[in-house]
Structures are given as structure tokens and as C-alpha cells.
Amino acid sequence: MQQKYTANKEDTNNTGYSLGVKRPARGARPRWQHWPVGDVNMSAKKADDTGGEENQNECVQTCKVVIIGAGMAGLSAANHLMKNNIQDFVILEARNRVGGRIIAITIDGRKMELGANWIHGILGNPIYELASANGLVNIIQDNKPHNVVATLPDGRRVPFHIVQEIYDAYFWFFKRCEEYFLCKYIPPDGIESVGAHIRLEISIYLEQFPEHERHIRNLIFNYLLNRETCISGCNAMEEIDLMEIGSYTELPGGNVVLPGGYSSILGPLTKDIEGEKLLKGHPVVSVRWKPPLNGFSTTDSGLGQDLTNKGEENSEYLVSESGTSGRQPTASPSRKARAKVEVICQNGKKFYTDHVICTVPLGVLKENGKTMFDPPLPEYKMDSINRLCFGVVDKIYLEYERPFLNPGLTEVLCLWDPIDTNEPINERWFKKIYSFSKVTETLLLAWISGDEAKYMETLPFDVVSEKCTAILRQFLNDPFIPKPKRCINTTWWSQPYTRGSYTAVGVGASQVDITNIAHPLYMQPTCSKPAVLFAGEHCHPSFYSTVHGAYLSGREAAQTLCVPDTPPEVVLDVEGTADLSSWLEGISLN
């Protein structure tokens with residue numbers, strides 16, 4: 001009996017998602033690598049904290065820093081705070097697990113990475129450094145040959161030398177797109193997107209071939225463009241800005257796979273975080289970061305009394321300096337109060353804090369940015385959030401009882417005709433599946449992106465499984481290919497705590513938009529440190545869509561809070577001197 005593991009849209013306690021792993025260095029000759037992403041709910045386990053009936057003492061807590069999200073950016077921020085002796089923080093994670101877009105599941109003893117799968121680059125990559133320091137990396141990488149077969153819908157196979165030829169041409173077409181950002185060339189009139197520019201180059205390239213040879217080559221180009229949507233994180237390459245595609249920075253060293261799976265990187269990041277500082281099942285619904293002019297009263301809400309100072313600071317949320325978790329003694333009028341940011345969770349818990357580091361994904365900001373923050377995010381920040389793309393990329397795992405592909409074959413490329421967007425999506429969604437790659441002899445993996453991925457998430461498991469079987473039978477021209485015993489597909493778009501996969505710079509957007517999103521918010525213009533800081537892969541202007549981009553942005557946000565408000569005073573202590581004059585007298589001028 002077939003099984004399918006997919007996410008229930010209402011059950012979000014144990015969901016996960018993958019950070020958009022970026023393309024390998026294009027200088028490497030085709031190994032036909034792919035970049036898995038996804039989100040799947042493998043458990044019916046409910047969150048421990050659901051916001052039900054609780055003791056009033058447990059509903060309010062104060063701390064120096066609240067980190068929203070226990071993904072890579074949040075864990076990075078927490079570790080950096082601890083390294084700088086800031087222990088008064090709490091992490092609020094909406095799911096019932098940590099890791100965010102890094103997640104693995106184990107089925108029948110087989111571990112499947114549903115999230116990030118590759119460390120992209122070695123030199124200058126903090127994730128590689130972290131993995132190496134903790135013994136998670138194999139010094140010698142096992143580079144097995146990757147043998148592919150490119151097939152047409154009628155089952156005919158394309159000679160590999162033609163596939164190689166088109167791959168080489170596409171490599172240079174994409175390189176020229178990246179050069180616009182680096183060299184500030186002026187593109188041809190009317191060409192604004194990567195897709196438009198590559199298609200222009202394709203049309204020029206194909207002119208050298210006879211008509212009967214163009215069609216097959218055009219199908220291979222179409223395959224590469226479909227694959228590129230999964231790499232870049234978009235519906236079509238026509239969505240990606242031509243002048244900004246080169247803004248992403250490739251780190252040298254190629255792609256590295258961790259023997260224990262990418263999720264093993266979470267161990268070093270979580271081992272030093274105390275359990276009471278990491279609260280799972282705590283979705284944040286409101287961040288009140290700039291109080292109204294008439295002040296905010298915390299009357300008997302767990303802090304004990306109205307701490308609003310109506311004299312000097314009547315325009316701020318005020319909490320006693322001695323405020324901690326639970327009910328507090330009545331504050332003395334002479335006791336100085338200070339401004340606090342109020343963070344409210346779905347379960348009713350409230351947290352009063354000096355600073356918030358918000359690491360929720362761009363997709364969540366797109367959907368809830370206007371309502372999650374009070375007051376709403378500034379207009380410039382919301383405009384940048386809306387301009388950037390946050391694509392949907394899903395994975396489909398197919399598990400079989402027995403092997404059926406040739407042992408020497410590792411991937412089947414499906415050379416579809418270009419998709420006609422006027423065709424109903426229920427009749428074309430599967431044409432976005434561009435290949436089936438072998439994970440093991442009995443486990444295949446396919447990718448799908450964009451609107452077609454969104455539609456796939458709505459389908460019953462048997463429809464997805466049967467359609468994938470039909471595709472394999474069609475392209476391999478073999479009606480006896482078995483049906484899988486299990487189908488596992490991810491559901492990025494359906495998950496309320498992801499709402500997509502990872503960030504891309506869309507047409508009309510730029511690195512400036514990423515900088516705008518990352519720009520912190522200050523409670524008052526005179527404040528020395530921000531009230532709300534932002535981190536995540538969407539906040540790094542050069543490494544967006546990657547785990548190391550998320551890591552670096554979280555560390556940078558934490559570092560902002562670690563810098564002292566005023567430079568430390570330098571005191572020179574010289575033994576045996578009573579005052580400055582006696583010390584000067586002892587200086588030899590010879």
C-alpha cells in the first residue's frame with residue numbers, strides 16, 4: 001500500500017523548510033547536480049505550549065533579547081550573544097522543533113534531508129568552518145560519476161554530446177547575465193529579466209543549425225531554464241532581474257555534503273542553549289515596538305501594576321528595572337523604569353524585552369508584515385519586502401520496493417516542450433518536473449517549482465505518485481516501470497511559517513531592498529540601540545537564499561547588541577605611584 005507524507009495545512013507544529021541552496025560554481029563542468037528544498041510535516045505531535053489555561057505568573061516574562069525563530073539565523077544570533085556573555089535572552093520558535101529550513105526525517109532507517117543539502121563553498125564559509133571544527137566533514141569527498149540520460153516525451157534518447165554542447169552554451173549565456181551587475185553594461189532594449197536575455201541568446205545561437213536540429217536543442221535549453229527556477233527560487237526566469245542576478249556571490253570550493261546530513265550542523269548550534277531559553281510551539285502574533293503617545297499600561301498583567309511613568313516617559317512601554325518572569329512587587333515611584341518592546345505569542349504569553357531579533361522568513365513577512373508589527377513596518381521596508389521574490393520549490397521523493405533503473409544511471413532528464421501558461425494548470429503542472437535523480441537504488445527525487453509546485457501541494461498523494469509513474473513510463477518508454485510504495489512530497493507554500501522557499505531578486509528589485517529589510521527599527525531617534533533587528537537569508541545582500549547567508553545575518557544582528565553604548569574607559573594602573581605627578585617624575589627622558 002502506498003503511503004504519502006505531506007503537510008496538513010492546519011498542523012504546523014513539526015514543519016520544516018529548506019534554505020535555498022544556491023547553484024554550484026558554474027566553473028565546474030557538468031556534474032548535473034541539483035539542489036533539494038522542501039517542507040514536510042512528518043508528525044501529528046502537537047506543540048507543548050498551545051496557549052491554553054495557564055497560571056497568570058507564567059504568562060509574562062521579561063528579558064534583554066527576544067529572538068523570533070530558531071532557524072539558522074536565530075541560532076546563530078543566540079550563540080553570538082552567549083559568546084559575548086549576554087545570557088538574558090529567549091528564543092521563540094513557532095514549530096515544535098528547531099532548525100527552520102534545515103530538517104531531516106528518518107523512514108525505515110533511511111535519513112532524508114528535506115531541507116538544505118549542500119554547504120556551498122569552503123573558503124570564507126562559516127558553515128563549513130563550523131562543520132569542520134565539530135568533525136562533521138569528510139576530508140576526502142567521494143565524487144562518484146554522475147551519469148545522465150536525456151529523453152524526449154516519445155522515449156527517444158538525446159546523444160550526450162548534444163546535451164554537453166547545450167550545457168556549455170547555457171553556462172556562458174548565464175555568465176553574461178551575471179556580468180551586467182559586475183560591469184554595469186547596458187542590456188538590449190526591452191530586456192529586463194534573466195529569462196528574456198537567455199532566450200534572446202538561445203534564439204541567436206540556434207540560427208546556426210538546420211530547422212530539424214533546433215528543436216531538440218531548444219528542449220534542452222528549456223530543461224535548463226526549468227532547473228534554473230529551482231536554483232534561483234522563482235516561477236520563471238522572466239521574474240529575475242537581469243541587472244541584479246550577479247549580486248549573489250559564489251564562495252570558492254564547490255559543494256560539500258556532510259556525511260551525517262546537513263541537519264547534523266544543528267548539534268553544535270543548540271548544545272549550549274539551555275532548554276528554558278528555547279521555547280517551541282510559540283508562534284509570535286504581535287511585536288509592539290513603538291508605544292502610543294498615551295503610554296502603555298502593564299496593570300496586573302504579570303508584572304504586578306501599572307508601571308507607566310506619566311511624567312518623564314509617557315510615550316514608552318515601561319517595565320520595572322527589576323522586572324523578571326512572573327508577578328513582581330509594586331514598583332516604587334522613584335524607581336527608574338525603561339522602555340520595553342512587547343512580544344505577544346499565539347498562546348497568550350507576553351514577553352517584555354529591550355531588543356527583538358526577528359528571523360521569520362520573507363514569505364511570512366510578505367503575508368503578515370503589515371499586521372505582525374505595531375506600529376506597522378515603515379512603508380519603505382514593506383515596499384522592499386513586496387519587490388523581492390520568495391519562490392516556491394518542492395521536492396518529491398519516490399520510494400520503491402526494488403531497483404528498476406540501470407545501476408550505472410543516476411538521473412533521468414525530462415525534455416518537455418516549453419510550458420504554455422494559457423493551458424489549465426491541472427493539465428500542465430507535471431511538466432515542471434524536469435528530472436528524476438537517484439538518491440539510492442530504490443529512492444528517486446524530483447523537483448518542481450513555482451505555480452506548478454503550489455498546485456501540486458493541493459493534490460492527493462495518489463495523483464502525484466501516479467503522475468510521476470506515468471512520466472517515467474513515458475520518457476523511458478517502459479510501461480512496466482513499477483509504482484512507488486511510498487510518496488513523500490514537501491509543501492513549502494502551504495506552511496504558514498514559511499510561505500515559500502527562499503529569496504530571489506525580482507525584476508525591479510535590487511540589493512538595496514535586501515538592505516532595507518535588514519535595516520533595524522529604533523523605538524526613539526535618540527536610542528543608541530535598535531528595538532527590532534532583522535536577520536535571515538533574505539537579509540544578506542550577497543548570500544541570500546543560503547544557510548551561510550542566514551548565519552552571517554544572525555551574527556551581525558547579535559553583534560549590534562553586543563557593542564557597548566559608550567567606549568570603555570581606558571585606565572592606566574601603575575604600581576607604586578600615588579598620583580600622576582609622581583608617575584611623571586619617574587619617567588626617564590634619556
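What is the handedness of the crossing of H3 and H5? The crossing is right-handed, a term that applies if the near helix is turned clockwise from the far one by less than a right angle, anticlockwise being left-handed.

## Basis of the description

This is a predicted model, in which local features need pLDDT of at least 70 and side-chain atom pairs count only at pLDDT 80 or more, while totals for chains, interfaces and linings use all residues. Residues are numbered from 1 along each chain as its sequence is written, and side-chain values use heavy atoms, with hydrogens and water left out.

## Overall composition

The protein chain has 13 helices and 24 strands, these being DSSP runs numbered from the N terminus (H or I, at least four residues, for helices; E, at least two, for strands). Of its 590 residues, 56% are buried, that is, under 20% relative accessible area with a 1.4 Å probe and protein chains only. Among contacts (heavy atoms within 4.5 Å) with a separation of 6 or more, 77% are made by residues 24 or more positions apart.

## Packing of H3 on H5

Helix H3 (residues 160-183) and helix H5 (residues 211-232) pack with their axes 10 Å apart and at an angle of about 50 degrees, where axes are lines fitted to C-alpha atoms over the stretch in contact and angles run from 0 to 180 degrees between N-to-C directions. H3 is therefore oblique to H5, since angles under 35 degrees count as roughly parallel, over 145 as roughly antiparallel, 65 to 115 as roughly perpendicular and the rest as oblique.

On the H3 side the meeting residues include Ile162, Val163, Tyr170 and Phe174, and on the H5 side they include Arg217, Ile220, Phe221 and Glu228.

## Nonpolar cores

The largest nonpolar core has 50 residues, a core being a set of buried Ala, Val, Leu, Ile, Met, Phe, Trp, Tyr and Cys residues joined through side-chain atoms within 4.5 Å. H3 gives the largest share of this core, 10 residues. Val158, Ile220 and Leu415 are among the residues with the most contacts inside the core. Leaving aside neighbours within four places in sequence, Val158 is in contact with Ala150, Leu152, Val163, Ile216, Ile220 and Leu415. Apart from this core lies another, of 44 residues, among them Ala116, Tyr262, Leu266 and Ala557.

## Surroundings of Thr469

Thr469 is found in helix H10 (residues 461-476) and is buried, with a relative accessible area of 3%. Beyond its neighbours within four places in sequence, Thr469 is in contact with Ile481, Pro482, Lys483 and Pro484.
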